[in-house]
Amino acid sequence: MSARTAPPPSRERFGTAPTGSPGRRIGRALLGTAPIFVILAALLVWITIENPNFTDPPLFLLFLRRAAPLMVLAAGQLFVILAGEFDLSVGALITLVVIVAARLIDGEPERTWPVIALLLLFGLVVGLVNGLITTRLHVPSFITTLGMLLILDGATSYWTGGSPRGELPENFRQWGRLGIEDVPVLGQLPYAVFAVLIFGSIAVLILHFTAYGKQVYATGGNPRAAFLSGVNVSAVRTAAFVLSATSAVIAGILLGGFTGVSPDAGQGREFQAISAVVLGGAVLGGGRGAVVPAMAGALTLEAIFTLLNILGLESPLQYVVQGVIIIVAVAFAAFRQRTAR
Amino acid sequence: MRRRTFASWRAFSILLTLAVTAGASSMASAQTPASSSPFFNQEEFERQLAQRSIEPEGPADEPWIQAIQPENVDTGQYAQPAPWHVCFSNAGVNNPWRVVGWTTMQAEVELHPEIERFTAVDAEGDDNKQISDIQDLLGQECDALIVSPNTTEALTPAVEQACAANILVIVFDRGVNTDCPVTFIHPIGGYAFGADAAEFLSEQVPEGGNVLALRILPGVDVLETRWAAAEIIFNQNNINVVGVEFSEGDRARVKSIVTDYITRFGQIDGIWMDAGQDAVAAIEAFEDLGLDVPPITGEDQQDFLQKWSEDDLTAVAPTYPNFQWRTPIIAATMILSGQQVPAEWVLPQPVITAENLDQYLQPNMPPQHYALCGCENMPGFPERWGGDPAG
Amino acid sequence: MSVVTASDRTLPARWAGLPSSGTWAIYGVLLLVLAVSWTLILATGGNINLTNTLVRSVALGIVAVGQTFVILGGSLDLSVAYQVSVTAITASVVMDGRPDRVWLGVLAVLGVGVAIGLANGLIITVLHVNAFIATLGMSLILRGGLNAGFDNFAGAVPREFEWFGYGDAGPVPYSVLVLIALVVAGWFVLRFTRFGHHLYAVGESEDTARLSGVRSARVIIGAHVLCSLTAVLTGLFIVSRLRAGAPWVGPDGNYDLESIAAVVLGGTALAGGRGGVLGTFAGVVILALLDNAFNQLEVNAFLKDVVRGVIIIAAVALYAFRQRDPIR
């Protein structure tokens with residue numbers, strides 16, 4: 001993504017990074033986190049039983065489009081979690097992206113690309129600041145990103161006086177709202193699905209096929225060992241924050257496109273993203289997890305919401321289900337980890 | 001810090017402020033309850049529905065000083081020579097409606113040079129903080145204390161304390177469970193809002209048609225009254241309500257819910273909303289599926305009015321008029337200079353329809369601006385409200 | 001997460017809970033904030049009411065004492081905000097406005113507090129679920145349950161119960177006395193009891209503590225129960241101020257993230273093992289003073305968040321500056 005992600009030379013034989021060929025590593029990671037795919041499949045079958053239209057390709061793509069922002073966000077958050085940190089600032093960054101884009105672009109299509117570039121740059125800066133405060137000033141990332149959440153939220157509202165201004169033109173909104181029309185069988189192929197595929201592929205490449213990816217695992221698994229084996233732990237963590245912030249900017253663009261300007265666009269998304277990542281088998285504290293299961297975790301959360309909607313369950317119960325399921329998922333992962341030893 | 005909690009609890013406080021009812025604590029007392037809601041109050045329901053057709057007293061071009069059936073009270077004991085120190089305890093500015101209102105109120109203060117000091121504190125949507133705020137203000141020699149309560153029940157003790165301190169207390173927006181304030185300023189109320197929207201849909205939707213009701217959160221009394229009224233009207237007109245869903249103020253969720261319902265039921269003939277902030281998201285759900293937008297109800301937010309006008313929708317927008325933020329300042333200056341005011345100051349609650357839509361449309365204003373701000377002739381308009389003077 | 005570093009610190013009883021230099025530093029900051037805000041306020045023609053400032057600290061202060069305990073033990077509790085709501089509603093429904101049922105209400109909420117604290121502690125220690133997820137999940141569960149069962153203020157507390165929220169013992173409100181008593185009690189427990197010493201040891205390094213014979217699971221469960229009991233006390237304070245409980249009273253006060261912020265502002269390390277309740281008390285008063293100063297100076301509501309964010313990060317960075325570890 002940026003020069004910051006370029007890792008120092010790897011000395012993985014001293015670290016705790018998973019060994020073996022990339023293919024085998026992915027295979028093992030998938031196996032280790034397979035339950036999420038079983039749960040997801042079961043949920044999708046259940047939804048289809050309740051609403052047979054659900055698996056019509058065009059409708060299913062709409063479902064994917066809806067889940068796209070959270071999937072991207074989960075992939076980004078995964079890097080931070082793997083490195084043993086949290087990023088609570090992503091929700092506020094999403095809100096900022098939507099509101100700043102609306103005000104700066106103000107309905108002028110020719111400003112869309114410059115503003116998107118600016119926002120990506122800004123995301124990079126937010127990630128860098130999160131990373132540097134955490135690694136150089138030794139502030140726990142929970143506090144760093146909680147403070148960043150307050151700062152971004154307050155600054156965004158202050159800048160607009162509390163009520164969003166401006167509007168998003170069609171060429172900004174299309175990414176979250178439109179797609180390639182008239183595709184055979186599928187109907188409309190949403191751009192958001194492409195965004196997920198592209199960002200997901202990049203994330204898989206970085207995490208599973210580069211030296212940096214190994215260093216992320218090493219850093220999260222045992223920072224001291226990683227440090228002693230020559231990994232620049234601070235740089236690895238900072239780069240993870242940059243990736244997470246970048247994912248938030250992309251999620252913000254998708255979400256802003258999907259819904260238009262809204263003062264609460266990113267509200268609570270940070271906890272959804274963390275929930276998605278742990279549903280995908282990642283372990284808070286670092287070292288364990290993989291991209292595809294994390295994204296599947298995000299899809300699972302959306303599927304749960306959809307299913308409860310269809311079942312007509314009282315909406316408060318959705319929280320109970322979500323709460324129980326993340327605890328069970330983590331307890332299960334912890335159980336496997338212990339019995340595997 | 002206080003503005004964020006897990007997920008979208010802030011949405012809750014957003015809602016607290018969108019409407020008002022009098023006597024929110026009284027439970028349904030009718031022998032034959034017409035609504036299943038525990039919030040329903042038959043007497044208040046009938047009163048509000050009747051108030052809609054009563055001509056308010058006062059100048060028609062200044063609705064913020066109009067009043068419906070005013071019963072003035074003598075306020076002589078509070079009269080005192082200017083200059084005055086007016087204090088204001090605000091529940092929060094945590095949603096666009098309150099932001100627009102707060103801007104308007106500050107502009108109103110500037111219109112009154114007799115108000116030498118204006119002290120405002122913001123409770124950031126927290127009952128407990130607002131109680132402390134009011135207690136602090138009691139020590140600051142205010143000549144008048146204006147309160148916009150965060151919740152009705154919780155702020156009652158603090159307002160009683162203020163009354164006992166013999167300060168001129170004015171309450172607006174949501175009420176409190178005591179009549180000790182000198183005046184309580186509010187528009188007609190939630191039943192009227194909900195009924196206006198439901199009556200429109202009942203005319204537009206064929207009998208037996210499918211209506212989806214979109215609400216924000218359960219349990220907010222001022223929004224519950226809107227739905228309670230709508231439920232009664234829909235029942236009377238044999239409208240089939242296929243679902244009542246809560247969006248928690250999340251636009252993405254609104255879009256998802258509407259899409260799910262369209263795919264499940266094949267056809268949705270009308271959308272009823274208890275607050276218009278996310279109406280545009282509901283409209284887009286139909287557009288994205290390539291469907292015609294059915295009759296829909298919203299509110300006086302600029303983005304909805306614009307969409308309505310551009311796409312020539314079948315729509316209606318009941319309002320919870322934002323201009324009520326002007327009235328408390330005006331009331332304070334009236335009382336302090338010895339004039340009488342109504343004990344319950346009921347403001348008119350206009351409805352935007354296809355006929356008068358153009359009159360409320362202000363394309364140069366921000367998307368979340370409220371057309372009924374009553375601020376068009378105030379100094380600093382439109383820039384101060386985020387509008388574009390050129391447009 | 002913690003890395004085994006030292007082996008000779010398993011029972012740091014000699015200095016556990018003693019006001020460390022960090023605590024003095026935070027009181028220095030407190031005095032500084034007091035001086036600056038008071039000067040600014042006096043300059044604009046206002047005045048600070050110290051009693052009111054302390055009353056503003058009570059709700060957050062009580063639960064922050066409990067939060068200090070769990071954080072010292074290397075855990076944390078994100079569910080306290082909804083625990084406050086659960087308490088407020090349970091108390092007002094059980095009391096139902098009747099003075100003769102006050103004791104029953106208090107008993108009920110204490111039971112609920114112990115149950116939630118036990119549940120949190122057991123999920124963390126027995127199921128080995130990370131505290132962040134365990135208490136986030138608990139918070140979602142409580143939220144769902146509350147919203148399913150209640151949609152408005154429910155029940156009422158009798159007028160007699162309002163002494164907690166509004167009563168004064170001479171010039172000092174009862175609630176402030178309760179907060180101060182709790183802080184002193186917390187300090188005592190951390191300083192002089194075995195449980196306190198074990199808590200520091202577990203927070204410093206759970207593995208080392210366990211190897212030296214500390215039953216770390218019990219210690220963590222105990223800390224969570226105590227934390228829940230402080231959330232209960234905050235809930236009782238709130239319900240006595242509001243006269244009734246509603247599902248939103250806890251989250252509206254943002255007691256979850258704000259109590260954690262107050263604890264770290266007070267110099268307690270988020271990773272555990274270092275800090276204490278005296279620092280937390282200072283942290284809470286600083287936040288209340290800021291609140292008060294923001295009010296008096298009529299700072300824009302949105303800028304307040306920015307200032308709070310900067311202060312929290314800056315304070316923790318300052319503490320961290322003193323204890324460098326290149327890797328953490």
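These legends accompany close-up views of a predicted model.

**View 1. Chain C as a whole.** Let's start with the overall build of chain C, whose secondary structure comes to 14 helices and two strands. The radius of gyration of chain C is 20 Å, close to the 20 Å that the globule rule gives for 328 residues, so chain C is as compact as a globular protein of that length. Its C-alpha trace spans about 55 × 50 × 35 Å along the principal axes.

**View 2. Inside chain C.** How much of chain C counts as buried? Of its 328 residues, 61% do. Sequence separation is worth a look here too: take the contacts in chain C between residues at least 6 apart in sequence, and 81% of them join residues at least 24 apart.

**View 3. Helix α12 of chain C.** A residue counts as buried here if 20 or more other C-beta atoms lie within 10 Å of its own. If you are tracing the helix on screen, its buried residues include C:Tyr255, C:Leu257, C:Ile260, C:Val263 and C:Leu265. Also among the buried residues of α12(C) are C:Asp256, C:Glu258 and C:Ser259. And what follows the helix? After α12(C) comes C:Gly267, with a positive phi near 95°.

**View 4. Where chain A meets chain C.** This contact takes 43 residues from chain A and 42 residues from chain C. On the chain A side, α6 (141-160), α10 (223-228), α12 (269-279) and α14 (315-340) each supply at least two residues. Which of the elements gives the most to this side? That is α14(A), with 14 residues. By class, the residues of chain A that touch chain C divide into 28 nonpolar, eleven polar and four charged.

**View 5. Where chain B meets chain C.** Here, 29 residues of chain B are in contact with 31 residues of chain C. The elements of chain B that give two or more residues to this side are the helices α1 (9-16), α4 (127-138) and α5 (152-164), together with the strand β3 (115-122). The most comes from α4(B), which gives seven residues to the side of chain B that touches chain C. Sorted by class, this side of chain B has eleven nonpolar, eight polar and ten charged residues.

Terms used
Residues are numbered from 1 along each chain as its sequence is written. Chains are lettered from A and ligands numbered from 1 in the order in which they are written. This is a predicted model: local features need pLDDT of at least 70, side-chain atom pairs count only at pLDDT 80 or more; totals for chains, interfaces and linings use all residues. Two residues are in contact if their C-beta atoms, placed from the backbone, lie within 7 Å. Helices (H or I, at least four residues) and strands (E, at least two) are DSSP runs, numbered from the N terminus. Ala, Val, Leu, Ile, Met, Phe, Trp, Tyr, Cys and Pro count as nonpolar, Asp, Glu, Lys and Arg as charged, and the others, Gly among them, as polar. A residue is buried if 20 or more other C-beta atoms lie within 10 Å of its own, exposed if 12 or fewer, and partly exposed in between; C-beta atoms are placed from the backbone. The radius of gyration is taken over C-alpha atoms; the globule rule is 2.2 Å times the number of residues to the power 0.38.
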